[in-house]
Amino acid sequence: MGKTKKGLRAGEKPGHQADETLRVLISKARIQKRVGEIARQIRRDFPKDIIHLIGVLKGSIFFLADLARELGGEVSFDFLGVSSYGKGLDSTGEVKLTKDLDVTIEGKTVLVVEDILDTGLTLKYLLKLFEERKPKHLRVAVLLDKVDRRIADVQADYVGFEIPNEFVVGYGLDYAERYRNLGDVCQLRIAGPGKKAE
Ligand code: IMP
């Protein structure tokens, strides 16, 4: 196959490495359409409220930005950072706050915006933290839901797409900080014995 202007082979994506295979799972067009639908649903549920969006860094940034513009009415944003340790089935699934919110959520209509719901341990931790801060409403929107991977008993109120148990990148999601800027959500497979993107 010939190389394109940017030095990429046909079908390759920026940041692509030789032993990695990317396959589009959800196209940019499908994402945009679905984000619009979710936004309308959220606005119908809270027609008059200022919706306070809380983005979980960094994977949620594109989803939050697109959702915010589709929501209409008044919105405000805040961000928080978390890191998770040992998310495997045999781990403690400890979650740690690396950046707290800048403003109070007390009395607000809060929408937590997450890129992907996997084991659910991160969301469980966040919901407990936020409930203690007494918002008026607390809802969760996730772009992707890996239902089969769930360990914690949590669910999102608004879900973009349910996906199989595959490692995905793009539209904010990364593999070792790469691929976040892809417009599509792609499945990432890594060749070689024992190599798995997790
Ligand atoms: P949970 O606590 O297991 O639900 O993990 C949620 C976090 O794990 C997400 O916010 C992502 O940062 C990360 N994650 C889970 N699955 C994937 C994936 O397929 N690709 C990229 N990141 C993922």
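This is a predicted model: local features need pLDDT of at least 70, side-chain atom pairs count only at pLDDT 80 or more; totals for chains, interfaces and linings use all residues.
Select the six strands that form an open sheet in the order β4-β3-β2-β5-β6-β7. The pairing among them is mixed. In general, strands of a sheet are joined by backbone hydrogen bonds and run either parallel or antiparallel.

**The edges.** Next pick residues 95–99, which are β4, and 158–162, which are β7. Each of these edge strands has a single partner, so one side of each has no neighbour in the sheet. Viewed along the sheet, neighbouring strands are turned against each other by 25° on average, with direction ignored.

To see where a bridge falls, select V142, whose bridge partner in β7 is V159.

**Helices across the sheet.** Now show α1, residues 28–45. The helix lies across β2 (51–57), β3 (75–84), β5 (109–117), β6 and β7, and its angle to β7 is about 155°. Then show α3, residues 121–131. Helix α3 lies across β2, β3, β4, β5 and β6, and runs at about 125° to β3.

**R180.** Finally, select R180, in the loop between β8 (168–169) and β9 (185–190). Is R180 buried or exposed? Its relative accessibility is 15%, so R180 counts as buried, the cut-off being under 20%.

How values were computed:
Residues are numbered from 1 along each chain as its sequence is written. Side-chain values use heavy atoms; hydrogens and water are left out. Helices (H or I, at least four residues) and strands (E, at least two) are DSSP runs, numbered from the N terminus. Buried means under 20% relative accessible area, exposed over 50%, partly exposed in between (1.4 Å probe, protein chains only). Two strands pair if DSSP finds at least two bridges between them. Axes are lines fitted to C-alpha atoms, for helices over the stretch in contact, and angles run from 0 to 180 degrees between N-to-C directions. Contact means heavy atoms within 4.5 Å.
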